[in-house]
Amino acid sequence: MITDKTLPSVSRRALLTGGVATGFLLAFHLPLRAAANEPVQKDATDGKFAPNAFIRIDETGRTILMMPQVEMGQGTYTSISAVLAEELDADWSKVEVQHAPPNDKLYANPTFGLQVTGNSNSVRAWWMPLRKAGATARAMLVQAAAGQWGVEATSCTASKGEVAHAASGRKLGYGELALAAQSQTPPKDVAVKDPKDFVLIGQPLKRLDTPDKVNGKALYGIDAILPDMKIAAIANCPVFGGKVGKVDDSAAMKVAGVRKVVVLDDVVAVIGDHMWAAKKGLEALKIEWNEGPNAGISTKDIWQNLRDAGAKDGAVAKSTGGIAKALATGDKFEAAYELPFLAHASMEPINATVHVKPDSCEIWTGTQIMTRVQSEAAKAAGLPVDKVIVNQHLLGGGFGRKLEPDMVVAAVKIAKQVDYPVKVIWTREEDIQHDVYRPVYRDQISASLVDGKVAAWKYKVAGSAILARWLPPAFQKGIDIDAIDAAVDAPYDFANFHVEYVRAEPPAVPTGFWRGVGPNNNVFAVECAMDELARKAGKDPIEFRKSMLTKNPRMLAVLDQVAEKSGWGQPLPARVGRGVCVQPSFASFIATVVEAEIDHIGEIVLRRVTSVVDTGIAVNPDTVKAQIEGGLIFGLTAALYGEITIEKGRVQQSNFHDYRMMRINETPKIEVIVVKSGEAPGGIGEAGVNAGPPALRNAIYAATGVALRRLPIDRKLLAVGKKA
Amino acid sequence: MATTLTINGETKSFDAPPEMPLLWVLRDILGMTGTKFGCGIAQCGACTVHVDGKAVRSCVLPVSAVANRAVTTIEHVGSTPSGAKVQKAWLDAEVIQCGYCQSGQIMSAAALLAATPNPDDADIDAAMAGNICRCGTYVRIREAIKLAASGRQS
């Protein structure tokens, strides 16, 4: 729920004097706590200019932009607003944003047909639809003004929320035109601006969502507070697929503040006056679990299963030239690269607040998949979809975990047992042990070298088909287009090129999207193999890549620039190396160099990271930089530490002490250079994640000669005296 | 059990078990949700508050331990000189992404600057290594702390 409020002085001052020369005063309205008696999800258009689902302008000129994509840190609220406001010629100082309600008809992501935020495609998918929406609204405002003045619309101009008629010197603000514009007929096919006329797109505009994030005012799902609300802590069955057996709640019910124990099929919840009571109550419960058929499963079995599956032929995703014949000639190379299960561990632990009434269900949460949450909650509540209200919030990180509705479904089932609102909070231990995990992958590459170049390239990906579960129509002919995304889209000029995919679902372990998605495994395997092939060919890793990028000028340009900026080729001390990564992911062209030192016991010190990014038109160049910086750290964290292991059907990691995150003291200097480009925008929120692991691995290869083929990095292989 | 605390200069009285962590008192009893739950075991720093000006992890701090001591939270840190400088630097350097950890980051940084007005990289590492940011804003956190310390802010 979003209502008016006054900006705190620190935010106002900071924004007025911030780094952007424009000096815009931003009035941003974050969701305030929904009061119980306040109507929610009303998109009142009375008395407003509401030309489409995205734009609302009232008589005061207040301009509300509805956000079809969710803000989870990637800066999309500011980028989407800039795109809309650019074509609308809005007064940026009057722009406010609102979370869009669940509605696939109005707000479905054009790529997915669902109201989903993922795959780094918010700007890519909405670029033209939102420009058209803005330009259409602008044309209607201009028509309204021209009508009032009795002049031709073509003789009027719009800028900063005003329409002007230069010949007569007349001006009208968008607020004054709102009512008249509402009755204008929208033009059928309106022209969008020439990029050279952009005034907002391409500027490092200050983010709209951050002022309230410095003073505790920003509200995430976990911050929902409702009258009479109680808090629930939960225990999921520790074994995947297991069920609740017997529950003895006698001790738990004696804990002060505990109100109720709810026993579901596979979850037990303790509801209390506060989280502390709920947690103490949960600890006091005696639960016997029916562990089920997965109680014997371990990571070792899962890897054996995957290696066996990977030995089979897969479905052919792409094949050009004659792979069998080409592989039979030249200098042969074969390698398999393996990636572990990973948890998302967003800083905001999983949570959902639900109030189930006899004829309605209301939800407060932060989700990447609004309409699916609504429909799954409706099923769990036994109500029609239109009786389920979803109040979207800012997300304290998403990273793909919040593309799943499971936490909301469980919360609805718990809330059905009581007549008051319940906020269900997962402890960090539940969050890590009951995630939907980045799957294990085994990527096998066979190649041959002729005259120092790759003459044949056969790449087989084996792993879970997340799309087959998550978006079944997208899974066709046995191929998961996510798992092989950056495998088929290789940046290099390989004459004989062949990609296969083997679907291999890990027993028991649920798998899902994890920031960087399919390209994480592809870019890692491709770039590791390219480094090994370069060494085999006796060539410098960058020169070797460049020799096969002659038809890819954008990639060649970023690679050349990163070589220069990173000091590539300059001498380094012993056991210090530089590694490069080139990636074509999310329609962005990125080259990265990591410089790292490996000490005598194999511990790694990151010294420096340089990335050069051509993402086409950068809607907000500072956001592009921030996403690459953060994405690099997210990916490097996984390379250094990330692994979820299973024993006896249970996840062995539980919190940040054994599922480690990079910290500030481990963070190197990171330089990100954003190339000016007039091409269509690419995706950026996940791209940095792809780059870190292979570039670091290749730096280690350069420093030690050890060709690591698994993540996370095994320090034991890197101690002095070890040789792969 | 009735407990009285001084939070952000105001006296607050409430019933809570003495061993209840300050984090849950703030969030679930007093409705002050700026202080965040991240791990519950003092590993991530999202719950950082000031007690007598020092940064502490409220998720493992029994409420009984802070009776008669001054607690400051993110909602009020802007009224301290170092807190205001840090908040402004965070916006100037556009540090924040999802923002969930940033209450804790800002509390740690404000305590650092109050004690060490011109921190070097080692001081920053020592003060900030207890705060995890999953979005990876560390480069800008370092830059913002230096900006806040420099007095170069507009």
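In the predicted model, helix 3 (residues 102-115) and helix 5 (residues 138-150) of chain B pack at an angle of about 40°, with their axes 11 Å apart. Axes are lines fitted to C-alpha atoms, for helices over the stretch in contact, and angles run from 0 to 180 degrees between N-to-C directions. Helices (H or I, at least four residues) and strands (E, at least two) are DSSP runs, numbered from the N terminus. Helix 3 of chain B and helix 5 of chain B are therefore oblique to each other. Angles under 35 degrees count as roughly parallel, over 145 as roughly antiparallel, 65 to 115 as roughly perpendicular and the rest as oblique. Helix 3 of chain B contributes Q105(B), A109(B), L112(B) and L113(B) to the contact, and helix 5 of chain B contributes I141(B), I145(B), A148(B) and A149(B). Residues are in contact if their C-beta atoms, placed from the backbone, lie within 7 Å.

Residues are numbered from 1 along each chain as its sequence is written, and chains are lettered from A and ligands numbered from 1 in the order in which they are written. Local features need pLDDT of at least 70, side-chain atom pairs count only at pLDDT 80 or more, and totals for chains, interfaces and linings use all residues.

In chain A, the axes of helix 9 (residues 370-381) and helix 10 (residues 406-415) come within 9 Å and cross at roughly 30°. That makes helix 9 of chain A roughly parallel to helix 10 of chain A. This crossing is right-handed. V373(A), E376(A), A377(A), A380(A) and A381(A) of helix 9 meet V408(A), V409(A), V412(A) and K413(A) of helix 10.

P491(A) sits in the loop between helix 13 (485-488) and strand 20 (496-503) of chain A. P491(A) is buried, with 25 other C-beta atoms within 10 Å. The cut-off for buried is 20 or more such atoms; exposed is 12 or fewer, and partly exposed lies in between. Not counting residues up to four places away in sequence, P491(A) touches L549(A), N552(A), M555(A), V582(A) and P584(A).

Between the chains, 51 residues of chain A are in contact with 51 residues of chain B. Helix 17 of chain A gives the most to the chain A side, with seven residues.

Technical notes
Contact = placed C-beta atoms within 7 Å. Left-handed = near helix turned anticlockwise from the far one by under 90°.
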